[in-house]
Amino acid sequence: MSSTQGAQVLVASNRGPVSYVTGADGSLTARRGGGGLVSGLSAIGPDTDAVWVCAALSEDDREAVRRSGGRLDPADTGGQSVRMLDIAPQVHTEAYNGIANSVLWFVHHMLYQTPLEPVFDEDFRTQWASYEAYNQAFAEALAAEAAEGAAVLIQDYHLTLAPGMLRALRPDLRIGHFSHTPWAPVDYFRILPDDIAEKVLRGILGADRAAFLTRRWADAFEECARRVLGGTGNTRIGVHGLGADAEFLRERAHRPDVDERLAALREQIGGTDRRTVVRVDRTELSKNIVRGLLAYRHLLAARPEWRERVVHLAFAYPSRQDLAVYRDYTDEVARVAADINAEFGTPTWTPVVLHVKDDFSRSLAAYRLADVALVNPVRDGMNLVAKEVPVLAEQGCALVLSREAGAYEELGEDALVVNPYDVIATAEALHEALSLPEADRVARAGRLAAAATALPPKEWFLAQLGELRG
Ligand code: G6P
C-alpha cells in the first residue's frame, strides 16, 4: 500500500480541529473543537503540511464528509488539511463512549467506584470489537495517506491500537503515539482484563516512540509495560509538557467580544472590590468540580470575613452528555452551587456564579478577572487552564492547584498545592490564595506565566516531530 506520493506528516485523533453544525437553512458551519488535545494540535498550522485524520463525531459531521468527500474545505479549517473519517455510527459510539470514555478514561483517571464498576462482560467484549474496528479504520486511512517514510503522530487513548496496526500495514513509517491523559499506576491498570491490558500496551508499543505530558505518566506506562509484557521493547519513551499559547491567548482575549463579556461578568460580581475565584472546566468527573464547590462553601462557613467579599465564577461546560454518569454529575454541580447560593447569598451578593453554556470568550474574560484560579482535579494529564489563567489575569492571580494535575510538575513551586480530596485543606488554600500579599501574588503569577508558556503548542508539536525523525 505504500506510495511515493502522499503526506510527509500526519496527525490522527478522534476529535478533529472542527466539528459541524447545520443551520436552519441547511448550511453547515464549522466550529473549533474543545479540550486540551485540540488546543495543542490546532497550533500546528497549515505550514507544517500535516494532514490531520479525525473521525466524524455527529450526524452533521457525517453530512460534511458526504459533501466534501472526506477532505474538509480548508476555508473551514483555517487552511489545515483535514481528512474526516465516516466510521459507522454504532462502531464509533461503542469505541468512543463504550471503551474510550467509559473504560480507558476511567482507568487512567482512576474513576471507578467499586462495588458497582467496572464489569467486564459480553457487552464490554462487543464494544471492544468496535474499538478494534475503529482503530483499524484509522490505521488503514493513515496507511493510504502517508508518503514513504512519513511521520505519523497518533493521539490518545482512543487510538491505542492504531500504532501497532499501522506498523503491520506500513513498516516504512515513523510512528509516534502521544497520551494526553495520565497513565494509570500498574495495580489500577490491571483492572483491565489481561488480554485487553496486553493489547493496549502492545498497540502503543507498535510506535517508534510513545510520549506523555509528564515524567510521572511516562514512568507509570513503563512500569505497566515492564510488569505486563516484560518491557517496552524498542519503543522510545518521551515527555513533552504542553504549554499555553501566550501569543494566541493575549490577542484573542483583548477582542471586543471578550471586553463585552468582561463587563457583563463585572455586573454579576457586583461590588467594586470583590475578589474572584475562577474555575473553567468541562463538566468532567475527574475535574472534581463538586469538591471544589464544597471547599468554597467551607471557606464561607469557616471564614465569614469572606462573605460578600468574594465571588466564585464557576464555568462548567457540558461534556460527554451521552453518558448517564456525566449527566448526573452535571445535575449535582448545579445543585451544590444552588445550595451555596441559598445558604449564603444576600440580595446584593451571589456567592457562586455558575455558567454552563460553553463560551470561550466568556472564559477568557473570567481569566482576565481572576484573583484566584481553582484547578483541583482528582487526576489530569496536564490541565491547560492552570497554565492559561496566569497568562491573562490582569492583577496577577494566585493558583490553587491539585498535586494530581500534570501541570503540578511545572507549576507546583509557585502554586498553593492541594490534595484534591481534602475539601478543608482546599478551603484553607483558597483563603491563603485570597490573602497573599499583592507583591508576593504578582511575583508568583509572573513565574507561573513563564513556566506555563515554556513549551507552546507549536514547539511542543515540532519537538515530537524532530524526535521521531531524529
Ligand atoms: C481532554 C483530554 C484529552 C481528550 C479530550 C477528549 O482534552 O485532555 O485527552 O482527548 O479531552 O475530549 P472529547 O470531548 O473529545 O471526548
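The legends below describe close-up views of a predicted model. Residues are numbered from 1 along each chain as its sequence is written. Because the model is predicted, local features need pLDDT of at least 70 and side-chain atom pairs count only at pLDDT 80 or more, while totals for chains, interfaces and linings use all residues.

**View 1. The two domains of the chain.** The chain is divided into domain 1 (7-242 + 459-469) and domain 2 (246-452), with bounds that come from an automatic or database domain assignment. Taken over C-alpha atoms, the centres of domain 1 and domain 2 are separated by 29 Å. Their contact takes 20 residues from domain 1 and 15 residues from domain 2, where two residues are in contact if their C-beta atoms, placed from the backbone, lie within 7 Å. On the side of domain 1 that touches domain 2, α1 (36-42), α4 (89-108) and α9 (215-229) each supply at least two residues; helices are DSSP runs (H or I, at least four residues), numbered from the N terminus.

**View 2. The shell around the ligand.** The residues around the ligand include N14, R15, D156, H180, S319, R320 and G381, each counted as near if its C-beta atom, placed from the backbone, lies within 6 Å of the ligand. By class, the shell divides into one nonpolar, seven polar and three charged residues, with Ala, Val, Leu, Ile, Met, Phe, Trp, Tyr, Cys and Pro counting as nonpolar, Asp, Glu, Lys and Arg as charged, and the others, Gly among them, as polar. Domain 1 and domain 2 both give residues to this shell, so the ligand lies between them.
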